[in-house]
Amino acid sequence: MNNLLVLLMALPVLVGIVLIFLRRYVRLQRWISFSVMIINFIISIILLNQIQEQGPLRLDFGGWEPPFGIMFVADSFSVILVLTTSIVTVVCLLYAFSSIGKSYENMFFYSFVNFLVAGVNGSFLTGDLFNLYVCFEVMLLASYVLITLGGKKVQLRESIKYVAINVVSSWIFLVSIAYLYGAMGTLNFAHLSERIAESGQTPLLTVISVIFLTVFSLKAGLFLYYWLPGSYSAPPTAVAALFGALLTKVGIYAMFRVFTLLFYHEPAITHTIIGFLAGVTLVGGSIGAIAYKDIRQIVSYNVVIAVGFILVGLAVMTPEAIEGSIYYLMHDMIVKALLFLLAGTMISLTGYVRIDHMSGLIKNYPLLGWMFFIVMLSLAGVPPLSGFIGKLLIGQGAVEVESYLLLTLVFISSIFVLYSLLRVFLTSFWGETLISEDDEEPMKKGWLIPCVLLTVVTIGLGLGAETVAVYVADAANTLLNPDIYIDAVFND
Amino acid sequence: METLITILAGVLVTVATYLILSRNLIRVILGTAILSHASHLLIMTMGGLKTGSVPLLGEDSETFVDAVPQALILTSIVISFAVTALFLVLAYRTYQETGADKLHELRGFKDE
């Protein structure tokens, strides 16, 4: 029992509600939501260290014993993700302060960011399947509002598709929960895992697991990613960065949880399918990333590539590969937020979205240019930066199980990432500058500081890999040995 | 009884699929609403139906119905109401802004 756990979700929910009443006090709203995320950050660091000592923590709501009540379980994997979520949200809020505009701030923008974070944190921490669904919906409803807030034509048009697809996928989620409940008679993760291990993963259960795979693929943008680029390009920069960093990662988290804790007995079927889908996603994402000249599309397709990349680790399922996936997950949340922020800054500075309409930006905004360069290297996986270790470990895992096709796709897709971003860098930062000194839009500090912060984090994550490695290794260990999780839930 | 309800759920899914595949936005939204009802029926059937019983009758009662599916359905009905309401408002706003109430008019992503 550890009551700190509930704060990670309860605090954003309560604060989100309180902020509704503080509608007119924009400055107050800003700093309250900012401090909530800082508090979440501190709590998750405390929790991470406690988990190191005591193993996964749990909180039974209302004192109901595990298989009967609902509860939160925190193992290293979920808390690492919560930690990264708070870092990303703090920075996106900081960016929003100077970019989002009064009209958004007056229309409950900060409330909905808080609700979104509550949903995301809840999904990471929950200990049973139905609450995963509920937290997903909390997150999705907040994201529906955030994507449409502002009510521009393009936002409304994209959000219709986004909402429709997510409603249908939530329905599939409910159906699969119903089937699993009918087959197993419980929805608690640990209890399910135990029962599935007892009865063996029968063909029926494998079919149910594939339905789960469909749902989470839709949410994570694995293979079924057609909705993603459009809807991530529509909202304003700070929101798009939050989306790009958080939303797909929840689907990925759910997939890791379900396929390492529950359905890990038939890897020949389920994990092969995941591997196949991840490969197709890598190819499709790579094609998308180099096909467009709209910078928002390029950046969104980079999200798709990363999803394929992380799930190669799950498909391979060796200790190194899982560790690599976790490492890459952290890296990707931070770097994708940074990439979206930089792209958004470029758009608001020049007023264009197509890369061939911008040129020579590095003359006017050198720091922006060099930060873009660092992001590019980090995403491509150049050693001192944070992407390298994840790629190395996933590659190592793929070699170990001799799936050379996936290995090739992983590294070719890295080259495509590098190429797509290098193209942006060359056409829009290099060359003749189109902006004369008089027309130069001044760079706001509020735009630059968040980006600098994230750049520092990505460099720090690469250089400080040793410090993080302990937690990542523990998370991978828990994922690969479901007994640790089950023990933590059923025994005190 | 289980068979009957399962068939009913199947019919609802059929109707909903037909509606979702149509071009009209309002029909799509109605389709998603019906889809969620089908899934609620499915959850209830999966928990097992016993004619004439209620969930909780104390420890000694001989027949009772599993209470968990009912709790799940209750939560999920609330969520689907919220989503449907939001979706309807969204469709109305989209119609106001773009003049489109057919899905194919909303296709593609153009630079704006």
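A word on conventions before we start. Residues count from 1 along each chain as its sequence is written, and chains are lettered from A and ligands numbered from 1 in the order in which they are written. Because this is a prediction, local features need pLDDT of at least 70 and side-chain atom pairs count only at pLDDT 80 or more, while totals for chains, interfaces and linings use all residues; side-chain values use heavy atoms, with hydrogens and water left out.

Let's begin with the pockets. Rolling a probe the size of a water molecule over the atoms shows where empty space is left. A pocket here is an open set of points on a 1 Å grid over the protein atoms alone, where a 1.4 Å probe fits, with protein on both sides within 12 Å along at least five of seven lines; lining residues have an atom within 4 Å of a point. Volume is the space filled by probe spheres set on the points, which are joined across faces, edges and corners.

The largest pocket holds about 840 Å³ of space. Its lining has 30 residues, and nearest the centre lie Pro67(A), Phe68(A), Asp66(B), Ala67(B) and Val68(B). Helices H6 (129-148) and H8 (189-199) of chain A and helix H3 (68-98) of chain B each give two or more residues to that lining. Helices are DSSP runs of H or I with at least four residues, strands are runs of E with at least two, and both are numbered from the N terminus. H3(B) has the largest share, with 4 residues. By type, the lining splits into 17 nonpolar, 9 polar and 4 charged residues.

What is the volume of the second largest pocket? About 540 Å³. Of its 25 lining residues, Lys152(A), Pro235(A), Pro236(A), Thr237(A) and Ile347(A) lie nearest the centre. H14(A) gives the largest share of this lining, 5 residues, and the make-up is 16 nonpolar, 6 polar and 3 charged.

Now for the strands. S1(A), residues 57-60, has both faces covered: Leu57(A) and Leu59(A) on one side, Arg58(A) and Asp60(A) on the other, are all buried. Buried means under 20% relative accessible area, exposed over 50%, and partly exposed in between, with a 1.4 Å probe and protein chains only. S1(A) pairs with S2(A), residues 71-74, in the antiparallel sense over 4 bridges; pairing takes at least two DSSP bridges. Asp60(A) has Met71(A) as its bridge partner in S2(A).

Last, the salt bridges, each a side-chain nitrogen of Lys or Arg within 4 Å of a carboxyl oxygen of Asp or Glu. In one of them, Glu105(A) meets Arg30(A) with the closest N and O atoms 2.9 Å apart. That pair links distant parts of the chain, H4(A) and H2(A), 75 residues apart, and both residues are buried.

Glu158(A) and Lys161(A) form another, at 3.4 Å. Why are they separated by about one helical turn? Because they sit 3 residues apart in helix H7 of chain A. Glu158(A) counts as buried because its relative accessibility is 4%, whereas Lys161(A), at 26%, is partly exposed. Finally, Lys249(A), Asp332(A) and Lys336(A) are joined into one network by salt bridges that share partners.

Note on methods:
Nonpolar A, V, L, I, M, F, W, Y, C, P; charged D, E, K, R; others polar.
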